[in-house]
Amino acid sequence: MQKKLTLRPSPTALLNPRSDPTFKTLFTRNTPDSNDALRDLISAMLGENVRSIRLLPNEPPQKARTDKQMAFDVHCVLENGEPVEIEMQGRDKEHSYASRAEAHVARLLAHATRKGKEWKNVPRVYQLSILNFYYDKGDKSAVSWYTMRKRSKGRDETEQGLTLNARLNVVYLELPKIRKLKGKRAEDLTKLERWGMFLAYADKPEVSDYLRTVLAQEESIMKANEILEEISVEEANWYLQNSYDDWERDQLSWKGYQRDEEQRIQNLREDVERQQQELAQSQHEFSQQQQEFSQQRQEFAQSQQEFSQQRQEFSQQRQEFAQSQQEFAHKQKKLVRNALALGMSVAQTAKFFSISVEEVQEAQNSDD
C-alpha cells in the first residue's frame, strides 16, 4: 500500500508559533482555551490582569493567502474598550519596524477616536509585537515599552520628561533575549518570560524537557501548547505555514536581488559619473595643452620672424662689409701707387703697408 504523503515532518512535529499564520491560528480559534491563552499573553505583555477580550475580524480573502497585503496581526478590544493589536514579527524588514509600529498604533488611535466623543474619553491603544530579532541590543531587558514623552531641553535632547497622555503605546518582546534565559529555573522566570520561552522553543524537540518544566508553571501556556499540538495535526495548517515561509524566503531573496541590482546600478552610475569627471578633467587638460601649444606656435613664429630679420640684417652687413673691403682695397692700391710714384721701392712699399711684394706689383699694374 502506498504511503500517504504528508507535510508534517514527523508524527510529533509541532508548527512554528513564530510563523505569522501559525501564531494567528493559535490565538484566534473560536474556543475558550484559545481566547484564554490570548488574554493571558496580553495580560503578561501589559503587566496587568486583563479579564476579558473581544476579537475583531481581520481575515483576508482565501485567494490572497500568499498576497503581500495579507494581515496576520491579531486585533482585539479589552473589556474597558481599549484596542489592542498583537503580532509576531520574524525579521526587521528593511530596518523599518519602528516606523511600522508607530504607524499601526497611530491608526489604532485614529479608529478609536469617534466623531463627537469627548477627548478625555479617548481610549489608550496598544501595539504589541513579539520580535524574533534584536531591536535594541544595548538594552538587556527583553521587554520595551514606548510611549510619547516630553523632551525637557528641546528636540535634540534625549532626556525623558513628562508623558504626554499615554494614549499611544508600543510594547516589544524580543525573543533573542528570552533565549538567553534558557536553563534558568522555571519558577524564577516571569509570566512573560515563560510565554517567551514557549514561543521561542515550542517547535524545538531538543528543548522539550526544559519547556515542560516551564509549561507546568502556567496553565494558560499549557493550554496554548495543547492548541499547538491540536492544530499541528491538520495538514492545512502545515500547508499555510510552509506557503507563507516560502513566500517570506522568496520575498527576502527578491529583496536581496533588488538590493544587489540597486547596488549594481548605483555602482554603474558612480562609474559613469567618475568617467564623466575624468573625461571633463581630460578635456580641460587637453584644452589647456592646446592653449599652451598655440602659445608656443606663436612664440616659434615670432622667433622665426626674428631669425629671418636677423638673417636679412646679417646679409646686409655682409654686403656692406664686402663693399667696405672693396673700397679699402681700392684706396690701398691708390696709396701703393702713390708711394711708388714718390720713389719708394717695391720692397719698401710692401713693408710699409704690411702686404706682400706680389700685392704691391698687382696694385702697380692695376688700372683702378
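**Exercise 1. A covered strand**

Task: In this predicted model, determine how many of the seven residues of strand 8 (residues 168-174) are buried, and which strands pair with strand 8 in the parallel and in the antiparallel sense.

Solution: Begin with the strand itself, which is mostly covered, since seven of its seven residues are buried. Next, sort the side chains by direction: L168, V170, Y172 and E174 point one way, while N169, V171 and L173 point the other way, and residues of both sets are buried. Then turn to the partners of the strand. Strand 4 (residues 125-131) runs parallel to strand 8 and pairs with it over seven bridges, and within this pairing V125 stands opposite L168. Strand 5 (residues 143-147) pairs with strand 8 in the antiparallel sense over five bridges, and here W145 has V171 as its bridge partner.

**Exercise 2. The nonpolar cores**

Task: Find which residues touch the most other members of the largest nonpolar core, and list what F198 touches beyond four places in sequence.

Solution: The largest nonpolar core has 50 residues, and the members that touch the most others are I42, I86, I130 and F198. Taking F198 and leaving out residues up to four places away in sequence, we find that F198 touches P17, L26, L211, L215, I221, A224, N225 and L228. Apart from this core lies another, made of 13 residues, which include V122, L131, F133 and V170.

**Exercise 3. Salt bridges across the chain**

Task: State how many salt bridges there are, and explain why the pair R18 and D203 ties together parts that are 185 residues apart in sequence.

Solution: The count comes to 18 salt bridges. In one of them, the side chains of R18 and D203 meet at 3.0 Å, N to O. R18 lies in the segment before helix 1 (20-27) and D203 in the loop between helix 5 (191-201) and helix 6 (208-215), so this pair joins parts of the chain that are 185 residues apart. Both R18 and D203 are buried.

Now consider R29 and E230, whose closest N and O atoms are 3.1 Å apart in their salt bridge. This pair links distant parts of the chain, with R29 in the loop between helix 1 and helix 2 (32-46) and E230 in helix 7, 201 residues apart. R29 is partly exposed at 21% relative accessible area, and E230 is partly exposed at 44%.

A further salt bridge joins R100 and E87 at 2.8 Å, N to O; R100 is in helix 3 (residues 97-112) and E87 in strand 3 (residues 83-89). R100 is partly exposed at 31%, whereas E87 is buried at 3%. Finally, D33, D36, R39, E219 and K223 are linked in a network of salt bridges.

Methods: Residues numbered from 1 in each chain as written. Predicted model: local features only at pLDDT ≥ 70, side-chain atom pairs only at ≥ 80, totals over all residues. Heavy atoms only, no water. Core = buried A, V, L, I, M, F, W, Y, C linked by side-chain atoms within 4.5 Å. Buried < 20%, exposed > 50% of the residue type's maximum accessible area, 1.4 Å probe, protein only. Contact = heavy atoms within 4.5 Å. Salt bridge = Lys/Arg side-chain N within 4 Å of Asp/Glu carboxyl O. Helix = DSSP H or I, 4+ residues; strand = E, 2+ residues; numbered from the N terminus. Pairing = 2+ DSSP bridges.
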